[in-house]
Amino acid sequence: MQREMLVLLSSLLLVPISHHALVVGQNLLQNGDFNDGLAHWNPGILDPGSVTGYPKWGTRVYQFRGDPSAFLDAPGGAFAFLDSDFFLLPHPGILTATMWGNHDPVVLGVQVRIEAGPIYVLDSFDPPKTEFGQNPVTREYTLGPELVGKSIAIRLLCRSEPVYFVGTFCNFDDVSVTSESVATSTAGPSAEYPILHGQYVDIDWSKFHDQPEVAAWAKATADAQYQYLAGAQGVPSQHIRRSLIHLDTGIGGWAGGGEVEVRVDWFFGLNLASPPESGPSASMSQRDYSLQRLDAELYHEIAHNMAVVARQGYRPSWFTEALGTWAQSSVSQDGAYTRVRAQMEDVFWTDAAYDNPDPFAGYGKGALFLWWLVGRFGIGGLHTMVSQCYGYEEPWISEQDIDERGFLPWTHMTRDQLSRGFYDSVRSGWRVDIRLVVNEQHVPEFAGSPVFTVALLMTLVICRLAITKPVFRRGGMRDKPVPPR
Ligand SMILES: [Zn+2]
């Protein structure tokens, strides 16, 4: 969806995963610290590149680390890997690795191989370069339920473009796999789709194979914000589902069943929308404003799609749409592709929700209601409700459930009472300060402790933010495209 709500984008930061409840176990990988050379690691070549005698591999001791680490050196277009020995993954787990480059750009890859099975791509990136004073990066990846009980190996890869020859290293240290306890891994429903961290988005290029700009946008914006959106919604890392994104002409989008469709007319100069007359976007060019809407659209659909959804349960669209719209509006960074600043459309959100007769303004009202709740009662209760809605805690079966297990434990009030309070607040001039709430509630760690516990004066007006038609489509909800205003 994406109506008159704005929002923005993102940056390329990778947010550390902080949601897994790990019972710390032993490292299932042997010699993951490489203190025993490359024992239990098996190198191989995928492309020799143009330099005789390369690619190379081994271990070395960098002064700034003081103990051995592994390297792959892949100049001139070479492509090499290190495979760990196979091992059994008893429960969902976490793979951790510390990685860095030296001088020239490389593509460092992290994958999981299933013995006699497929390879899963967890990550692919140009690592920080220590010769330019940058620090190694430590990343975590979830090894999800689809890998449990299987014999797997970790594959570390390195390649370069043919034009690079200087210090084309990928370095690895402290690679570990720890498996979660049974207690934390049995809570979720069975996954219908692959759930993995690192590379979150596959894109179907069938229509846009000749449009590299579209490809660059989709890749940069989607992967960049995936973890942010998951964190904002409190989706546990082991339940994050990858998305296959389809791009098409037109506007709007939908999500469901592990797939996301986003219409990208804006890239072709079609259906450009004018910025609103007031608010931070007022001075934007039509092009920038339209790209901003496109980014918001993508985030909204991904927010719908990323959670594993139980087959059973009650998921009203007033909640799922409010949540998707709230999540998209919480993205506060510049766009990865557009570099357009979101400006957090505080005024816009509030005004649009109450001035606009468009039925889809209900999405904006719902999002605003969530902002109002999070600002007053903290984000923890919302995360609990997300878990219930998507069924990785016990799913809802009725509106009554939503009050009894959602709103009441969180706020000590029912949805009706809260709706009246919310409506009153807005009528008395309350305007959300999204940036403030984001900063206090869930950036950068999404920890979500209650900040405001302001008591509310309740009166009596029914909240009309709801589109209460229950949505019960396996895995997601569909959003109709609507014309720009
Ligand atoms: Zn939606």
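**Close-up 1. Asp174 is partly exposed in a predicted model.** Asp174 has 17 other C-beta atoms within 10 Å, so it counts as partly exposed. A residue is buried if 20 or more other C-beta atoms lie within 10 Å of its own, exposed if 12 or fewer, and partly exposed in between, with C-beta atoms placed from the backbone. Asp174 lies in strand β11. Its phi is positive, about 45°, although Asp174 is not a glycine. The model is predicted: local features need pLDDT of at least 70, side-chain atom pairs count only at pLDDT 80 or more, and totals for chains, interfaces and linings use all residues. Residues are numbered from 1 along each chain as its sequence is written.

**Close-up 2. Strands β6 and β11 pair in the antiparallel sense.** β6 covers residues 93–101 and β11 covers residues 169–179. Eight bridges join them. Gly93 has Ser179 of β11 as its bridge partner. Strands are DSSP runs of E, at least two residues long, and helices are runs of H or I of at least four, numbered from the N terminus. Two strands pair if DSSP finds at least two bridges between them.

**Close-up 3. Five strands form an open sheet.** The order is β2-β3-β11-β6-β9, with antiparallel pairing. β2 (56–61) and β9 (137–143) are the edge strands, and each pairs on one side only. On average, neighbouring strands of this sheet are turned by 30° against each other, direction ignored.

**Close-up 4. A cis peptide bond joins Tyr54 and Pro55.** Omega is about 0°. Pro55 sits in the loop between β1 (41–47) and β2.

**Close-up 5. Asn31 has a positive phi without being a glycine.** The value is about 55°. Asn31 is located in the segment before β1. With 19 other C-beta atoms within 10 Å, Asn31 is partly exposed.

**Close-up 6. Helices α3 and α4 cross at roughly 130°.** The axes of α3 (residues 286–305) and α4 (residues 317–329) come within 8 Å. Axes are lines fitted to C-alpha atoms, for helices over the stretch in contact, and angles run from 0 to 180 degrees between N-to-C directions. α3 is therefore oblique to α4. Angles under 35 degrees count as roughly parallel, over 145 as roughly antiparallel, 65 to 115 as roughly perpendicular and the rest as oblique. From α3, Ala296, Tyr299, His300, Ala303 and His304 make the contact; from α4, Thr320, Leu323, Gly324, Thr325, Ala327 and Gln328 do. Contact requires C-beta atoms, placed from the backbone, within 7 Å.

Key: Two residues are in contact if their C-beta atoms, placed from the backbone, lie within 7 Å.
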